[in-house]
Amino acid sequence: MRVALFLTCVNDTLYPDTGRAVVRLLTRLGVEVDFPMAQTCCGQAHYNTGYRHETEPMARHFAEVFRDYEAIVTPSGSCGAMVRELYPRMGERARAEGRGDSLAATLAPVVPKTYELTEFLVDVLGVTDVGAYYPHKVTYHPTCHGLRGLGLGERPLRLLRAVKGLELAELPGAEECCGFGGTFALKNSDVSAAMGADKVRSAESTGAEVLCAADNSCLMHIGGTMTRLRTGMRPVHIAEILASTEEEPAV
């Protein structure tokens, strides 16, 4: 199976190891992974800040870059939700404004074949045991877009439970937002920081060494809070845990 890795802006700029982990993991599972060099931002930050019309050329570009792949895999629930939930809405709004069906028709082919990583593993490849090894106590935070937008549900937990050596601790208040929310963290910084502190205290109460999630943007926010509160915990993307093996262990 030939798939495209949609890495996203945050990962490409700040967390390239997550992208490398996805490639190692999928290659180990027999998937041919391409990284289209023409990919850019999906437009999520612009759309969520109210610049819908300015987002449309970015969405068109995304569709052009990824249209010929069997599947598009992203290690980001938020950007995956942008494509799956909001691209169709953009097409509908353009039609309602009398601008025809062009945008909707352009975006439609990429919407159903865009998958967040854990969705792709469980639903498309049909695997939960990916041969991973990670001898640490871990707690899992379900990020908002993955939880509510994509409905990832138990998929990440099923994958984590199958990792050799991993002890999974339940996170109290798991479904509560960490407070990041993209530009929300900038516009409402005091509220965002308080929410982040609540999330970190809940994580700390589990006794876990690692908090993992499927979105590095949320992990960046949580990780910064962990550092300020001097918890000793660390944030790790789920892709890096699943890519870890006894032969090539992650830290």
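A salt bridge here is a side-chain nitrogen of Lys or Arg within 4 Å of a carboxyl oxygen of Asp or Glu. The model is predicted: local features need pLDDT of at least 70, side-chain atom pairs count only at pLDDT 80 or more, and totals for chains, interfaces and linings use all residues. Residues are numbered from 1 along each chain as its sequence is written, and side-chain values use heavy atoms, with hydrogens and water left out.

Q: Why is the pair Arg67 and Glu64 called a salt bridge?
A: Their closest N and O atoms are 3.3 Å apart. The cut-off is 4 Å, so the pair qualifies. By this rule the count comes to 13 salt bridges.

Q: What makes Arg67 and Glu64 buried, partly exposed or exposed?
A: Buried means under 20% relative accessible area, exposed over 50%, and partly exposed in between (1.4 Å probe, protein chains only). Arg67 has 44%, so Arg67 is partly exposed. Glu64 has 44% and therefore counts as partly exposed.

Q: How do you know that Asp17 and Arg20 form a salt bridge?
A: The closest N and O atoms are 2.6 Å apart. Helices are DSSP runs of H or I with at least four residues, strands are runs of E with at least two, and both are numbered from the N terminus. An α-helix has 3.6 residues a turn, so residues three or four places apart point the same way.

Q: What makes Glu97 and Arg52 a salt bridge?
A: The closest N and O atoms are 2.4 Å apart. The pair links distant parts of the chain: Glu97 sits in the loop between H5 and H6, Arg52 in helix H4, 45 residues apart. Arg52, Glu56, Glu97 and Arg99 are linked in a network of salt bridges.

Q: How do you know that the span of H4 is close to the expected one?
A: The expected span is 1.5 Å times one less than the number of residues. H4 has 15 residues and reaches 21 Å from its first C-alpha to its last, close to the 21 Å expected. Its buried residues include Arg52, Glu56, Phe62 and Phe66. Among the elements covering the buried residues of H4 are helix H3 (44-48) and helix H5 (77-96).

Q: What makes domain 1 and domain 2 separate entries, and what lies between them?
A: An automatic or database domain assignment sets the bounds, giving domain 1 (1-122) and domain 2 (135-241). Buried area is the accessible area (1.4 Å probe) that two parts lose on being put together, summed over both. Between these domains that area is about 1,800 Å², with 65% from carbon and sulfur atoms. Across the interface the rule finds zero salt bridges.

Terms used
Contact means heavy atoms within 4.5 Å.
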